[in-house]
4 protein chains.
Amino acid sequence: MQAAFFKFKHRVTYAECTIGNHVYYARYLDILEAARGEFFRHAGAPLLPLQESGIAFPVIGLEIAYKGPARYDDLLTVELWINEMKGIRVHFGFKIVHPAGHLLVEGETRHICATTDEKPRRMPPELAERLSSFVRSEKNAP
Amino acid sequence: MQAAFFKFKHRVTYAECTIGNHVYYARYLDILEAARGEFFRHAGAPLLPLQESGIAFPVIGLEIAYKGPARYDDLLTVELWINEMKGIRVHFGFKIVHPAGHLLVEGETRHICATTDEKPRRMPPELAERLSSFVRSEKNAP
Amino acid sequence: MQAAFFKFKHRVTYAECTIGNHVYYARYLDILEAARGEFFRHAGAPLLPLQESGIAFPVIGLEIAYKGPARYDDLLTVELWINEMKGIRVHFGFKIVHPAGHLLVEGETRHICATTDEKPRRMPPELAERLSSFVRSEKNAP
Amino acid sequence: MQAAFFKFKHRVTYAECTIGNHVYYARYLDILEAARGEFFRHAGAPLLPLQESGIAFPVIGLEIAYKGPARYDDLLTVELWINEMKGIRVHFGFKIVHPAGHLLVEGETRHICATTDEKPRRMPPELAERLSSFVRSEKNAP
């Protein structure tokens with residue numbers, strides 16, 4: 001059975017580019033955060049009410065492979081899914097794809113469920129259930 | 001009598017540059033904030049203990065003139081002083097100068113003294129006194 | 001006769017917020033640049049082909065008044081128009097408005113038409129014509 | 001024989017912090033770039049003249065573990081060394097350490113030697129020799 005995955009569009013700005021007309025390596029993390037925000041909304045668990053109830057998903061690690069440059073005005077597609085969800089851990093897999101279809105960036109961001117004052121905490125069962133439909137049993141990219 | 005002013009050095013990174021090898025217009029505001037942080041420390045009133053005692057200096061306005069591009073690896077000098085300090089308002093004047101001596105950016109950032117939950121508040125007299133030696137009676141750049 | 005103006009939506013991310021849950025003062029400039037990019041596209045003169053033909057609109061000055069904080073997940077509306085267009089100068093007026101309707105930020109960014117190697121140049125007449133319908137004779141906000 | 005390693009100091013600004021008073025996960029990459037710039041200068045091979053001669057070190061991958069939050073005004077120490085240098089690849093190891101001594105962030109950024117128009121190229125032998133004294137045979141942190 002194929003899990004659901006989520007797509008997010010992002011238009012590259014001058015703010016994100018550096019010398020040589022390509023997106024600066026750190027800016028993809030900003031784009032990924034915007035994509036995760038929409039992912040949680042799409043999954044029926046928007047981050048703002050979670051935050052207001054004291055729940056956050058801080059990043060504890062990440063791994064990225066940069067395959068090619070995104071350039072000014074490119075309309076990127078971010079594909080997002082969950083590689084693994086176990087206990088308090090949620091690992092997001094992602095691909096960032098050029099409008100022409102080729103892969104630009106791929107990797108994983110690793111999060112834990114925590115209180116907003118930075119203590120690990122059990123994920124609410126309803127939230128875990130909402131996220132579970134985005135878990136891919138095999139870590140294959142879409 | 002000439003008021004004191006404060007100098008801060010900053011080395012331009014790729015992160016701050018955009019296409020065409022110049023610093024992106026918003027990044028100067030990040031550099032100015034770093035300079036103001038060191039200014040307050042230099043004036044004997046570092047921002048962190050002020051923040052911990054519930055005092056902040058949010059920006060309520062600014063005006064900037066961009067005269068020329070700063071480029072990768074330029075070692076910039078930020079010159080900082082106070083144009084005006086009256087009641088709860090503090091207006092910082094600044095110049096950002098190229099290592100070769102020419103002016104790149106100049107302007108003013110306008111702040112108020114506020115509580116950390118965003119209510120205007122009277123400036124502590126000791127703090128006002130520490131800052132007062134950086135006020136220039138005439139708004140002349142150094 | 002009322003000139004046209006342009007609206008752009010932006011969702012606030014954690015990347016843009018700082019301590020105290022409000023958008024950092026410099027990040028509005030990034031948001032404004034994204035809005036201007038869509039403005040030029042909407043006006044039938046997208047910036048990428050202009051850039052490829054050697055034309056850019058560097059910022060030479062700006063003035064901003066910050067009226068209230070934008071916070072995480074706020075869906076902001078940027079309203080954009082042209083205050084003045086004369087010779088090589090184009091001055092954009094803007095307002096950034098909270099979803100509840102109140103004004104958060106307003107001001108002006110001042111640009112010139114230039115070559116991509118940073119020399120002032122005359123604006124192509126067709127481009128000037130496309131932009132002219134967004135000029136407001138009086139600097140009234142929408 | 002112990003290889004040399006390089007230390008870089010960085011003061012955390014509000015620009016780098018997000019809600020909850022900690023450095024946003026992407027901003028460490030900006031800090032690491034500033035540290036690498038000084039590393040190359042320290043190693044006698046500053047990046048600007050390399051860039052002017054057509055040589056760059058784009059990032060092709062990275063891995064980061066976030067161990068604890070850096071906060072506003074923390075004076076961080078970035079420790080930087082080379083994990084591996086082979087053919088056109090240079091892998092930098094790093095630790096970011098809190099002023100109190102505990103580890104905040106660690107990981108690796110993976111680069112290749114390339115032309116400034118993004119084609120892989122052999123590293124100049126003199127440059128390779130300068131960098132070689134920073135290679136650690138075992139990937140032990142300092």
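Predicted model: local features only at pLDDT ≥ 70, side-chain atom pairs only at ≥ 80, totals over all residues.

Biologist: How many bridges join β1(B) to β6(B), and which way do the strands run?

Modeller: Six bridges, and the two strands run antiparallel. β1(B) covers residues 6–11, and β6(B) covers residues 75–86.

Biologist: And the side chains along β1(B), where do they point?

Modeller: They alternate. F6(B), F8(B) and H10(B) point to one face and are buried.

Biologist: OK, switching to chain A. How many helices and strands there?

Modeller: Three helices and nine strands. Along the sequence the order is β-β-β-α-α-β-β-β-β-β-β-α. The radius of gyration is 15 Å, close to the 14 Å that the globule rule gives for 142 residues, so chain A is as compact as a globular protein of that length.

Biologist: What are the box dimensions, roughly?

Modeller: The C-alpha atoms of chain A fill roughly 45 × 35 × 25 Å along the principal axes. As for burial, 37% of the 142 residues count as buried. And if you take contacts in chain A between residues at least 6 apart in sequence, 70% of them join residues at least 24 apart.

Biologist: Now the sheet. What's the strand order?

Modeller: It's an open sheet of 10 strands, with contributions from chains A and D: β1(A)-β6(A)-β7(A)-β8(A)-β5(A)-β5(D)-β8(D)-β7(D)-β6(D)-β1(D). The pairing is antiparallel.

Biologist: Which strands stand at the edges?

Modeller: β1 of chain A and β1 of chain D, residues 6–11 in each. Each has a single partner strand, so one side of each is left without a neighbour in the sheet. The twist from one strand to the next averages 20°.

Biologist: Then β7(A) to β8(A), how many bridges?

Modeller: Nine bridges, in the antiparallel sense. Within that pairing, F94(A) stands opposite G107(A) in β8(A). This hairpin has five residues between the strands, and G101(A) takes a positive phi near 105°.

Biologist: And what does β5(A) do on its β8(A) side?

Modeller: β5(A) is joined to β8(A), residues 103–112, by seven bridges, and the strands run antiparallel. L62(A) stands opposite T109(A) there.

Biologist: So how does β5(A) connect to chain D?

Modeller: Through β5(D): five bridges join the two strands, which run antiparallel. One of the pairs is I64(A) with L62(D).

Biologist: How many residues are in contact between D and A overall?

Modeller: 16 residues of chain D with 16 residues of chain A. On the chain D side, the elements giving two or more residues are α1 (27–42) and β5 (59–66). β5(D) gives the most, with eight residues. That side divides into 10 nonpolar, three polar and three charged residues.

Biologist: What's the symmetry between D and A?

Modeller: A rotation of 180° with 0.0 Å of shift along its axis superposes chain D on chain A, with an RMSD of 0.0 Å. The C-alpha in chain D nearest that axis belongs to E63(D), at 2.2 Å. The same surface serves both copies, with 100% of the contact residues of chain D recurring in chain A.

Biologist: And D against B, what rotation is it there?

Modeller: 180° too, with 0.0 Å of shift along the axis and an RMSD of 0.0 Å. That is the relation of a two-fold axis. Here the C-alpha of H10(D) is the one in chain D nearest the axis, 5.8 Å from it.

Biologist: How many residues does that contact take?

Modeller: 10 from chain D and 10 from chain B. α1(D) gives the most to the chain D side, with four residues. That side has five nonpolar, two polar and three charged residues. Also, 100% of the interface residues of chain D are interface residues in chain B, so these copies meet through the same surface.

Technical notes
Residues numbered from 1 in each chain as written. Chains lettered and ligands numbered in written order. Contact = placed C-beta atoms within 7 Å. Nonpolar A, V, L, I, M, F, W, Y, C, P; charged D, E, K, R; others polar. Pairing = 2+ DSSP bridges. Rg over C-alpha atoms; globule rule 2.2 N^0.38 Å. Buried ≥ 20, exposed ≤ 12 C-beta atoms within 10 Å, placed from the backbone. Least-squares fit on C-alpha atoms with pLDDT ≥ 70 in both. Axes fitted to C-alpha atoms, helices over the stretch in contact; angles between N-to-C directions.
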